[in-house]
Amino acid sequence: MFKGSITAMVTPMRENAVDEDALRSFIDWQIGEGTHGLVPVGTTGESPTLSHAEHKRVVEVTIEVAAGRVPVIAGAGSNNTAEAIDLARHAEQAGADAVLVVTPYYNKPNQEGLYQHYKAINDAIGIPIIIYNIPPRSIIDMSVETMARLFELKNIVGVKDATAKLDRVSLQRHAMGPDFLQLSGEDGTALAFMAHGGHGCISVASNVAPRLCAEFQEACMAGDFAKALAYQDRLMPLHSAIFVEPNPTGVKYALSLLGKMEDRVRLPLVGITESTKTIIRSAMAHAGLVN
């Protein structure tokens, strides 16, 4: 169920509130363009600055509009285990197909703490859990050994890997076997990730180029890496450009150019500079998304 190009969705804003109309339209557009799955309220969805009520509402709207057409993997991470359980339970009750749970940030648990955090969430819900391992943001790095322990639990099914360490795919495949779901968390290295045995990518770039990212993943899944490389060459400038400044500031600017939503982020994020706008417009033109 969870494979291919899965969009790490932005959260549209208008006058510092969630723009539900734009969100609904954006979800329909994503699915129409061929996106294979949706992840609301992850990092790209500005989850750190959404209230709990806003977070839960975005999950509910995404599930409602997707209407079973593609799987919804709801963001449910926190560095507070009780809070993560609350978000995960809500996602399950709302009808999410799975939850994405980031490794706890800032308080820096050790490997046993990581295991117990995920086990507590596992024991509290009955839908699949995807570990989100992203040391650049959360500081800690879940070991392959801890991941293997967690895979023995009933709901832990895989990982979104944003370590940018491509050998991890093979190491995790060796430790957990080919049924352990491995999703890339890095657009720029997704081609190599897939060649190592990955199953897809939870993609930021697919917010802006959903059809191209879906076709890229379909080529990878078919084993046509020559075709996938042609897509990579077309998309790589975009992968880089949208991260010149903090995510999702670049993505929201790009989507404003496409008329999908306003270019608004919530503090402490701010809009991008004119020089970055030029870089993003150029990358979008290279990909054939704008003239």
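Overall architecture and local features of the predicted model

The protein contains 12 helices and 10 strands. Its radius of gyration is 18 Å, close to the 19 Å that the globule rule gives for 291 residues, so the protein is as compact as a globular protein of that length. The model is a predicted one. Its C-alpha trace spans about 50 × 45 × 35 Å along the principal axes.

Buried residues account for 55% of the 291 residues. Among contacts with a separation of 6 or more, 72% link residues 24 or more positions apart. The accessible surface amounts to about 11600 Å². Carbon and sulfur atoms contribute 52% of that surface. Charged side chains number 25 positive and 32 negative. The centres of these two sets lie 0 Å apart.

Cysteine pairing was examined next. Zero disulfides are found in a search of the whole structure. For Cys 201, the closest cysteine sulfur is that of Cys 213, at 7.5 Å.

Ser 5 is buried, with a relative accessible area of 2%.

The relative accessibility of His 55 is 6%, so His 55 counts as buried, the limit being under 20%. Leaving aside neighbours within four places in sequence, His 55 is in contact with Val 41, Ser 47 and Leu 50, as well as with Gly 75 and Leu 87.

Other helical residues are partly exposed. Asp 86 is found in helix α3, residues 81-94. Its relative accessible area is 33%, and Asp 86 is partly exposed. From Asp 86 to Gly 177 the chain runs 91 residues, and their C-alpha atoms are 31 Å apart. Phe 225 lies in helix α10. At 31% relative accessibility, Phe 225 also counts as partly exposed. Leu 191, Met 194, Ala 195 and Cys 220 are in contact with Phe 225, its neighbours within four places being left aside. Met 176 is 49 residues from Phe 225 along the chain, with a C-alpha separation of 25 Å.

Val 244 is partly exposed, at 46% relative accessibility. Not counting residues up to four places away in sequence, Val 244 touches Thr 276 and Ile 279. Ala 287 is 43 residues from Val 244 along the chain, and 17 Å separates their C-alpha atoms.

Pro 248 is placed in the loop between α10 and α11 as well. A cis peptide bond joins Asn 247 to Pro 248, with omega about 10°. Another cis peptide bond runs from Leu 267 to Pro 268, where omega is near 15°. Pro 268 is found in the loop between α11 and α12 (274-286).

Backbone geometry also draws attention to two loop residues. Ala 67 is not a glycine, yet its phi is positive, at about 50°. This residue is in the loop between α2 and β5 (73-75). Ala 67 is exposed, with a relative accessible area of 58%. Tyr 106, also a residue other than glycine, has a positive phi near 75°. The loop that holds Tyr 106 is the one between β6 (98-102) and α4 (111-124). Tyr 106 has a relative accessible area of 74% and is exposed.

Definitions and conventions
Residues numbered from 1 in each chain as written. Predicted model: local features only at pLDDT ≥ 70, side-chain atom pairs only at ≥ 80, totals over all residues. Heavy atoms only, no water. Helix = DSSP H or I, 4+ residues; strand = E, 2+ residues; numbered from the N terminus. Rg over C-alpha atoms; globule rule 2.2 N^0.38 Å. Buried < 20%, exposed > 50% of the residue type's maximum accessible area, 1.4 Å probe, protein only. Contact = heavy atoms within 4.5 Å. Areas by Shrake-Rupley, 256 points an atom, 1.4 Å probe, with all protein chains shown as cover. Lys, Arg positive; Asp, Glu negative; His and termini not counted. Charge placed at Lys NZ, Arg CZ, Asp CG, Glu CD. Disulfide = S-S within 2.5 Å.
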